[in-house]
Amino acid sequence: YQRRVRVTQKQIATMLHSSILFLGLLCSFAHGLMFYLPAETEKCFTDEYAYDVLVSGEYRVTTPGQNAKELKLRIVDSASNIVFDNKGEQAGKFGFTTALAGEYTFCLTDNWRGQADGSADRLIELIVHSGVEAQDYSAIAKKEHLKPLELELRRIEDTVDMIQKDFEYMRDREAVMRDTNESTFTRVSYLSIFSVGCLLALALWQLFYLKRYFTRKKLL
């Protein structure tokens with residue numbers, strides 16, 4: 001009986017893990033970028049997040065040497081509020097929870113510390129995780145003393161919560177777009193009515209003018 005229970009729990013854990021993988025594909029994202037960054041040049045990337053989403057990541061300069069430069073990473077939200085500033089460190093990690101829904105901009109600049117020495121462009125690596133992928137579940141399991149099955153359930157709960165937030169964000173965006181479309185349609189309708197009115201007024205004026213012209217010329 002005990003052996004049968006263990007097999008059942010293993011099967012449940014397998015199904016839960018499969019569910020997590022499927023749900024994770026819907027709402028969890030991980031972006032990895034590697035690119036050469038010229039000195040004194042700013043390169044920015046944007047990503048869109050819902051409200052109250054955990055975002056984490058890391059950055060590093062993979063080109064050895066060239067200590068005459070400092071890498072600056074600044075992350076701002078849709079309202080231009082600074083949510084992270086690396087203070088010129090060459091490598092590190094970052095993490096924040098979105099306070100506003102919308103686009104978040106990641107801007108990197110490789111500045112000279114002093115006088116330019118003609119060094120080549122440096123290779124930069126930027127990795128960004130969001131949603132469930134940004135959570136450190138091994139640390140959560142140790143902190144809350146969770147069993148493997150409980151940890152899988154926790155992952156599913158967080159994934160479902162993330163999906164709900166994404167749907168709510170999409171619904172809000174849809175409402176904004178619908179209001180914009182309705183407002184645009186109303187303005188276009190008024191403009192069309194105004195245009196038709198102007199054309200009718202112009203036609204009546206032309207008829208009145210031509211009637212007076214032909215009357216003066218005694219053609220009518």
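Student: What does Lys69 lie over?

Tutor: Lys69 lies over the face of Trp112, at 4.8 Å from the ring centre. For that, NZ of Lys or CZ of Arg must be within 6 Å of the ring centre and within 35 degrees of the ring normal. This is a predicted model, where local features need pLDDT of at least 70 and side-chain atom pairs count only at pLDDT 80 or more, while totals for chains, interfaces and linings use all residues. Residues are numbered from 1 along each chain as its sequence is written, and side-chain values use heavy atoms, leaving out hydrogens and water.

Student: Okay, rings then. How many aromatic pairs are there?

Tutor: Eight. Rings of Phe, Tyr and Trp (its six-membered ring) pair if their centres lie within 6.5 Å; planes under 30 degrees apart are stacked, over 60 edge-to-face, the rest tilted. Phe96 and Tyr104 have ring centres 5.8 Å apart and planes at 25 degrees, so they're stacked.

Student: Is Tyr104 buried or exposed?

Tutor: Buried, at a relative accessible area of 1%. Phe96 is buried too, at 8%. Buried means under 20% relative accessible area, exposed over 50%, and partly exposed in between (1.4 Å probe, protein chains only).

Student: Which rings link into a cluster?

Tutor: Tyr59, Phe84, Phe94 and Phe106 do, through ring pairs.

Student: And which residues have the most contacts inside the largest nonpolar core?

Tutor: Phe94, Phe106 and Leu108, in a core of 22 residues. A nonpolar core joins buried Ala, Val, Leu, Ile, Met, Phe, Trp, Tyr and Cys residues through side-chain atoms within 4.5 Å. Apart from that one lies another core, of five residues, Val132 and Tyr137 among them.

Student: New topic: how many residues does H3 have?

Tutor: H3 has 69 and reaches 101 Å from first C-alpha to last, close to the expected 102 Å. That expected span is 1.5 Å times one less than the number of residues. Helices (H or I, at least four residues) and strands (E, at least two) are DSSP runs, numbered from the N terminus. Buried residues in H3 include Leu151, Met162 and Tyr169, and just after the helix, Lys218 takes a positive phi of about 55 degrees.

Student: What about cysteines, which ones form a disulfide?

Tutor: Cys44 and Cys107, with sulfur atoms 2.1 Å apart; the cut-off is within 2.5 Å. They link distant parts of the chain, Cys44 in strand E2 and Cys107 in strand E7, 63 residues apart. The link is right-handed, with 110 degrees about the S-S bond.

Student: Where does Cys44 stand on accessibility?

Tutor: Cys44 is partly exposed at 37%, whereas Cys107 counts as buried at 13%.
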